[in-house]
Amino acid sequence: MRKWLERRFALTPQGAKETMRAILASTLVSLSAYAPACLLLLVIDDFVLGSHRAASFYIILSVVILIVILILLFIEYDRMYNTTYKESANLRIEIADRLNRLPLSYFSKHDMSDLTQTIMADVEAIEHAMSHSIPKFVAFFFYFPLLSVMLIGYNWKLGLTVIVPIALGYGLILWSKKVQIRINKKYYLQLRKNSESFQEAIENAQEIRSFGMKKTLKISLDAQMDESERLHLRSEIISAIPLLTSNIVMQLSLALVIIIGVNMLIGGEISVLVLTGYIVAALKIKESVDTINENVSELYYLDARIERINAIRSAPVQEGTEAAKEGCDIRLDNVTFSYTEDSPVLRGVSFEAKQGEVTALVGVSGCGKTSILRLVSRLYDYDTGSIDIGGKDIKHISAASLYKKISIVFQDVTLFNTSVMENIRLGNKEATDEQVREAARLANCDEFILRLPEGYDTKIGENGITLSGGERQRLSIARAFLKDAPIVILDEIAAALDVENEQKIQESLNHLINGKTVIIISHRLKSVEHADKIVVIDGGRTEAQGTHEELKQTSPTYRKLVENAALAESFMY
């Protein structure tokens, strides 16, 4: 049963185990609820039918029943609520850990708002169901058959009168399950779409205002909200109709017991005590069913959320072992890669970047240079061919081990809303403040940092919004200095720098790359002319490789790049 709970409700093994305990506690609580009814029957038997029991018997029995019920209620509360909150935390940690092990390609195909909603809203929904619906719903199917056997076994006519309407009512709810799940899933997906649209609008607020798109965006968002309200209303109606109908059917249980029971009493088939017992049983079962019915739709609503969590769990993760301690040569052999199946980016790239050398990748925009860097750093996995680092295939190296050996500076910089000091310290969490300042100095950051209100302790806003593009880029470079990894990957690091700062960065790089494997991309050919090896990428393939002077003689593509660079430098406004 534990495995079924894990699959059905996307629980962790520990969560499923605790849910089983909650189900057992709910079953015992439900059964204990019949104890006062049994005590009532004893009172009727004593005072109405002439049995003679001491008053102390009822006092002691009442106290015992009260204590047992209170203990069971306390246990049920602990199992249903306290452990639920622990499972909520464990489930979020498990999902976060899984996401941490997924390749970057997974995130490029899924919206960030959708993943955020899975971690927050979907887990919260499962948490609520665990504390309110799942234990009671499953427990009902444990004790209801037991009660049915007892009621039918004592008097089959009255037993069936109690059980059949309840069974028919539940059958109606189960019959409507597919319809409820389908409309609830549509509503769920529409809510996700709304979330994505609002996040997109917030992130692109500057562009929306600049191009006068406020009115158009408002109309679009209003339409999405109207659609979600329409789907919400439909889902509520479709869920309510079978529940109301089943409630009406289940109400027949008590009415039929009274009608049929009275006739049997008049006919002498049963006693007043038996009739009272079956009426009480019908009332108690109907009470339990009413409580469960309130939560049935919630369980159906979970299906889409559970499906999304299980999709994350089933996504393939990047496996591998520790990277080789010695040797950081990088070799690509006939590598192919595509972000989507019908759009190949790399069609057979081969070259070698040796330790202690600078290897530059050049080519026109869109030829696949940045994609190569993403494959080398295993942010994505290649399709065919091979990529070796230190003689070991990169697919056999764990991502965590590989990242320890690589410092990456991409063109798009990501910063956090914390201090300058802590943003740079991401390169090495163990670094001292003095080491952070030295890295900032090498990356030519200290000059603008010292001008900030609180220097290195200044908070720079979401993604460094208070800094210029060049300042953000230099902080990213400082991280690479601080990490001091044996492999350095640089993607257009001078794109947002002026000429003066670019020269200073080039001087600093001479210290950074000494004895390391360096792969660099730059559209400014002047900055890579003295690289040990230049690899020309054209149309996703390796067109040529060699030094600057060699390529000017052997590579038409490189000559064209040099000519275009010269024209750009000589252009005047």
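Reader: What should I know about the model before we start?

Author: It is a predicted model, where local features need pLDDT of at least 70, side-chain atom pairs count only at pLDDT 80 or more, and totals for chains, interfaces and linings use all residues. Residues are numbered from 1 along each chain as its sequence is written, and side-chain values use heavy atoms, with hydrogens and water left out.

Reader: OK. How many salt bridges does the count come to?

Author: The count comes to 20 salt bridges. A salt bridge here is a side-chain nitrogen of Lys or Arg within 4 Å of a carboxyl oxygen of Asp or Glu.

Reader: Why would such side chains pair at all?

Author: Side chains of opposite charge can pair when their charged atoms come close.

Reader: Start with E18. Which residue does E18 form a salt bridge with?

Author: With R21; the closest N and O atoms of E18 and R21 are 3.3 Å apart. Both residues sit in helix α2 (residues 13-32), 3 residues apart, about one turn of the helix. Helices (H or I, at least four residues) and strands (E, at least two) are DSSP runs, numbered from the N terminus.

Reader: Is E18 buried or exposed?

Author: E18 is buried, at a relative accessible area of 11%, while R21 is partly exposed at 35%. Buried means under 20% relative accessible area, exposed over 50%, and partly exposed in between (1.4 Å probe, protein chains only).

Reader: Which residues are linked with E18 in a network?

Author: R21 and R79 are linked with E18 in a network of salt bridges.

Reader: Next, R101. What is its partner?

Author: R101 forms a salt bridge with E319, with the closest N and O atoms 3.8 Å apart. R101 lies in helix α4 (residues 55-101) and E319 in the loop between α12 (272-314) and β1 (330-340), so this pair ties together parts that are 218 residues apart in sequence.

Reader: And how accessible are those two?

Author: R101 is partly exposed, with a relative accessible area of 34%, and E319 is partly exposed at 48%.

Reader: What about R451?

Author: R451 forms a salt bridge with E447, and their closest N and O atoms are 3.8 Å apart. R451 counts as exposed at 57% relative accessibility, whereas E447 is partly exposed at 46%.

Reader: Switching topic: where is S32?

Author: S32 is in helix α2, and S32 counts as buried at 11% relative accessibility.

Reader: Which residues does S32 touch?

Author: Leaving out residues up to four places away in sequence, S32 touches I69 and L72. Contact means heavy atoms within 4.5 Å.
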